[in-house]
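Dear colleague,

I am passing a structure to you together with a summary of the findings. Please read the notes below alongside it.

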Amino acid sequence: MPTSPGWTPGCLRLALISDTANNTRSITVVAVGPGDGDMLTLKGREALLNADLVLGFTTVLNVVRPWLDKAEVCPMTYRDQEEVLEYAEGQVRQGKRCVVCCWGDLNVSARELLARVRRRADTVRLVPGISSVQVAMARTGISLEDAVFITLHKRADTGGDLDEPVHYINEGRRHVIMLPRPFDLMPAGIAAGLLEAGVRDDLPVRVYQRLTLDDEQRWQGTLRECSAIEDDFSDLSIMVFLSGDTPVQFPLPPEEG
Ligand SMILES: C[S@@+](CC[C@H](N)C(=O)[O-])C[C@H]1O[C@@H](n2cnc3c(N)ncnc32)[C@H](O)[C@@H]1O
């Protein structure tokens, strides 16, 4: 069968999978979306309905409970995740179909969990989902191609956390979408740090909390006003710093979806 270099025809790929299926440890990772269970994809739902074993942090599993009628459910915490994954690996070796759930989308600030799963499996099937970042963009009325994404989660060097956002904000070409770091680097502290680094104090900022959940909250104002917020923020918070160059819906668009 003629093929171009680097491409595997679909039928050949299927044959390869079925030849080796009995010997490989295969795990599926399903990204469950930003909190509203209706945002789980059909592919994700199908994988969950067919699973024998479903793993995830409790908050993540709560999103997909309605689709877990027959699977063994294995909640995990940051502390015991390796033990739970080890148990799952053993079950997979016995032929069980295992799904690991992750929040939002699996390509957005979920690298660590994916790496842990990859260490436990020969093949990992990824079922992407809707990210909280996409919802924040929809609420703001901006496009990914006009934005830069930065996460402050799990940075080893806490000294230079704000160097990148300062660079992109001052450059002014793109909006900056940022995940704060619960709970030591949250929106008011980030805004104060940016002001200290010389960012203009009238920069338009949005803060979204608990997007798509019943108690979703949205805030907009200037960088200076954001730095003065004294209320606590949810661990589910996203900041958007708007660049001057691209037209955006302002003020906030009406509540939707
Ligand atoms: C470890 S990251 C994982 C992001 C996830 N993979 C995604 O695509 O949304 C978790 C962070 O994402 C943001 N986040 C996730 N869901 C959110 C929501 N519903 N509303 C606001 N922020 C959210 C928060 O900054 C939270 O601390």
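**The ligand and its surroundings**

The ligand sits in the largest pocket. A pocket is, on a 1 Å grid over the protein atoms alone, an open set of points where a 1.4 Å probe fits, with protein on both sides within 12 Å along at least five of seven lines; a molecule sits in it if more than half of its atoms lie within 2 Å of its grid points.

The model is predicted, so local features need pLDDT of at least 70 and side-chain atom pairs pLDDT 80 or more, whereas totals for chains, interfaces and linings use all residues. Residues are numbered from 1 along each chain as its sequence is written, and side-chain values use heavy atoms, without hydrogens and water.

Around the ligand are 18 residues, the closest being W103, V108, S131, S132 and S237 (a heavy atom within 4 Å). At least three residues of this shell come from each of domain 1 (10–130) and domain 2 (133–241), with bounds from an automatic or database domain assignment.

Polar contacts are pairs of N or O atoms within 3.5 Å. A ligand oxygen lies 2.6 Å from an N or O atom in the side chain of S132. A ligand nitrogen is 2.7 Å from such an atom in the side chain of W103, and a ligand nitrogen is 2.8 Å from a polar backbone atom of P34. The protein buries 93% of the 560 Å² that the ligand exposes when taken alone (Shrake-Rupley method, 1.4 Å probe).

**Backbone**

Most residues other than glycine have a negative phi, and most peptide bonds are trans. S109, not a glycine, has a positive phi of about 55 degrees. The peptide bond from P182 to F183 is cis, with omega near -10 degrees.

Kind regards

Key. Polar contact = N/O pair within 3.5 Å; in protein donor to acceptor, adjacent residues only side chain to side chain. 1 Å grid on protein atoms, 1.4 Å probe; cavity = no way out; pocket = protein on both sides within 12 Å on 5 of 7 lines; lining within 4 Å.
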